[in-house]
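Subject: Structure handover

Hello,

Here is the structure I promised to pass on. Please open it first, then read my notes below.

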Amino acid sequence: MALSVAPELRRKHRRNRLRTLGFLSPWLVGFSVFFAYPLLATVYFSFMHYNQIKEPTFVGLRNWTYVLTQMPLFGPALWNTLWLVVVMVALRVVFGLGIGLLVTKVKSGVGLFRTAFYIPYLAPPVAATVAFVFLLSPGSGPVNEILSAVGIDSPPTWFNDPAWAKPSLVMLSLWGIGDLMVIFMAALLDVPKEQYEAAELDGAGAWARFRYVTWPSITPIVMFAVVTGVVQTMQYYTQALVAGKLASGISVGPGTVIQPGYPDHSTLTVGQLVYSLGFQNFNTGAACVLSLVLFAIAMAVTSLLMRKRAGLLTAED
Amino acid sequence: MTTTAPRAATDVRTGSSGGPAVRAVRRKRVLHWIALHSLALAAALFFVLPFVFVFLTSVMSDGQAMSGELWPRAWHWENYAQVFRTPGFLDWWRNSLLYAVLGTVFTVCSSVPVAYALAKFRFRGRRTAMLLVISTMMLPPQVIVVPMYLVWAQQLHLTGSLWPLIIPMAFGDAYSIFLLRQFLLTIPQEYLESARVDGCGELRTLLRIVVPMAKPGIAAVALFQFFYCWNDYFGPQIYTAQNPGAWTLSYGLETFKSAHMVNWNLTMAATLLVMAPVIVVFFFAQKAFVEGVTLTGVKG
């Protein structure tokens with residue numbers, strides 16, 4: 001830098017950099033300590049044998065081959081997680097859009113309907129899950145009482161049946177559709193009215209108007225709902241764990257080691273398996289391998305979806 | 001889905017004379033109204049009935065709660081008093097509040113300046129910083145939990161308390177930073193320029209100009225964070241499992257059922273008591289809340 005013409009400008013430049021660093025500092029510290037460090041440590045531990053008592057010892061790729069090829073629960077956990085990502089996200093988007101449309105069309109009692117549809121979303125996940133395990137309990141739960149009262153002889157046993165446990169979780173997630181409803185509602189009200197009027201003049205029916213007027217203008221929001229849905233469902237944990245534990249009827253408390261995923265591993269997710277390996281079996285290495293697999297899938301999915309312009313970054317970035 | 005028509009197809013202007021065509025149109029409109037509202041009512045039942053059944057069971061006697069009957073024979077309001085007398089329940093209540101209040105205050109104070117810098121400063125690496133914030137947001141918490149736990153347990157000896165959950169919130173939360181930045185982008189640059197011309201430093205500009213203008217966004221983020229902490233199960237499970245004195249309501253509730261054997265009535269009363277604060281807060285802060293949910297999706 002031979003140019004000495006603008007030392008003032010350079011000083012100003014430096015001051016700006018310091019100012020930016022100052023404002024960013026909480027996050028810079030947080031990012032390094034609570035994100036970058038543990039991520040690197042996860043990679044480190046994935047090559048170690050470590051039971052959290054004795055010093056870690058290097059075992060090369062043994063944890064990796066164990067998790068990916070031998071661990072019996074890896075397959076079911078991965079399958080359940082992917083099942084939930086596909087089915088739950090798809091149904092939530094369809095149902096959320098349906099409820100959103102319904103709320104924008106209803107003419108009487110709009111406020112009441114909106115509140116009724118929204119409130120369950122607020123219920124803390126654990127409380128909502130406990131409530132649903134009770135509602136769907138096979139013996140004396142209200143749902144099965146009503147089903148047998150209307151003549152259904154052998155209603156499903158819901159959270160106690162491997163085939164019904166995941167659909168029951170999907171139902172629980174549809175109950176909490178309020179967030180998507182609000183987002184879709186806002187998007188639907190943003191569609192310019194004149195376009196509907198024009199389409200109507202052209203003789204477009206209800207479906208045609210939805211397909212050619214509504215849909216194109218709400219696709220960014222649908223895309224956003226899909227991305228956030230996938231991200232949330234990848235880490236699906238609390239509801240599956242609590243439902244499995246409660247439905248199994250096994251008393252739980254600190255120190256009780258239970259097989260997660262009751263019934264029959266049907267609700268075991270990757271997140272639960274990480275917990276189970278790391279905090280119940282103290283197999284730190286395997287837990288870290290599984291964490292990294294989850295990380296890789298999460299990053300792959302999000303980068304794929306982000307490339308399709310999910311609206312997460314504005315154009316000016 | 002027959003109700004997707006943005007407007008009843010019958011909204012066509014017809015002549016003012018009441019011919020049979022008009023009557024047919026009117027009848028169609030009435031039928032449409034009935035179909036739409038029946039559908040809405042059916043949907044509302046799906047959302048409301050779970051609360052109703054949970055409430056009805058919560059006031060049943062121990063015996064009736066196991067019977068499968070839907071309506072309480074006698075109203076046992078004392079079940080709620082009994083829940084409060086359960087050992088630990090009040091501690092869990094206090095811990096939940098502590099976690100939620102401190103967590104929210106820390107998150108807002110640490111995230112606002114970061115979001116402001118990301119929204120309004122121009123600097124090299126801004127795009128990268130934004131991408132890193134978003135990737136942090138996308139990261140499942142299970143990915144980094146094992147080494148993080150080891151640090152809190154072995155180096156800092158803070159497990160068995162809520163501090164491993166509260167302290168990190170003083171260092172910015174990716175999701176809150178992201179939402180606040182989205183909101184701050186909508187503040188016109190001219191306001192900031194004029195503050196600078198008046199000789200305001202950046203910190204003064206932030207506190208005097210930006211924060212008051214961003215109140216709705218900050219309120220929404222604060223609410224979200226409050227609910228996140230209140231609802232958190234994974235965090236308390238990891239860090240407080242071995243010490244029931246540090247449990248939160250969300251974590252304690254799950255053990256409630258087993259502690260009370262099969263008493264669904266008390267479990268349901270406790271469930272409603274865990275839901276209640278969130279719903280009460282919602283009714284007081286409805287506007288900020290809806291603003292927040294829309295913020296996540298629409299302003300992009």
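This is a predicted model: local features need pLDDT of at least 70, side-chain atom pairs count only at pLDDT 80 or more; totals for chains, interfaces and linings use all residues.

Start with the contact between the chains. Chain A puts 88 residues into it, and chain B puts in 80 residues. On the chain A side, helix α1 (residues 7-45) gives the largest share, with 18 residues. That side of chain A holds 61 nonpolar residues, 18 polar and nine charged.

Next, helix α6 of chain A, residues 142-149. Its buried residues are A:Pro142, A:Val143 and A:Asn144. What do the buried residues of α6(A) pack against? They pack against α5 (125-135) of chain A and also against α1 (20-58) of chain B. After α6(A) comes A:Gly151, with a positive phi near 100°.

Now a helix pair within chain B. Packed helices are described by the angle and the distance between their axes. For helix α4 (residues 89-120) and helix α11 (residues 215-231) of chain B, the axes come within 8 Å and cross at roughly 140°. The crossing of α4(B) and α11(B) is right-handed. On the α4(B) side, the residues that meet α11(B) include B:Tyr99, B:Gly103 and B:Val112. Those on the α11(B) side include B:Ile218, B:Phe226 and B:Trp230. The contact of α4(B) with α11(B) has 10 nonpolar residues, five polar and no charged.

One residue to look up is A:Val242, in helix α11 (residues 238-248) of chain A. Is A:Val242 buried or exposed? A:Val242 is buried, because 25 other C-beta atoms lie within 10 Å. Beyond its neighbours within four places in sequence, A:Val242 is in contact with A:Val126, A:Thr129, A:Val130 and B:Glu254. A:Leu188 is 54 residues away from A:Val242 in sequence, and their C-alpha atoms are 35 Å apart.

Last, some backbone details. In chain A, the loop between α11 and α12 (270-280) holds A:Pro263. A cis peptide bond links A:Tyr262 to A:Pro263, with omega about -5°. A:His265 is also found in the loop between α11 and α12 of chain A. Its phi is positive, about 60°, although A:His265 is not a glycine. A:His265 counts as buried because 21 other C-beta atoms lie within 10 Å.

In chain B, B:His157 has a positive phi near 50° and is not a glycine either. B:His157 lies in the loop between α6 (145-155) and α7 (163-166) of chain B. With 9 other C-beta atoms within 10 Å, B:His157 is exposed.

Best wishes

Note on methods:
Residues are numbered from 1 along each chain as its sequence is written. Chains are lettered from A and ligands numbered from 1 in the order in which they are written. Two residues are in contact if their C-beta atoms, placed from the backbone, lie within 7 Å. Helices (H or I, at least four residues) and strands (E, at least two) are DSSP runs, numbered from the N terminus. Ala, Val, Leu, Ile, Met, Phe, Trp, Tyr, Cys and Pro count as nonpolar, Asp, Glu, Lys and Arg as charged, and the others, Gly among them, as polar. A residue is buried if 20 or more other C-beta atoms lie within 10 Å of its own, exposed if 12 or fewer, and partly exposed in between; C-beta atoms are placed from the backbone. Axes are lines fitted to C-alpha atoms, for helices over the stretch in contact, and angles run from 0 to 180 degrees between N-to-C directions. A crossing is left-handed if the near helix is turned anticlockwise from the far one by less than a right angle, and right-handed if clockwise.
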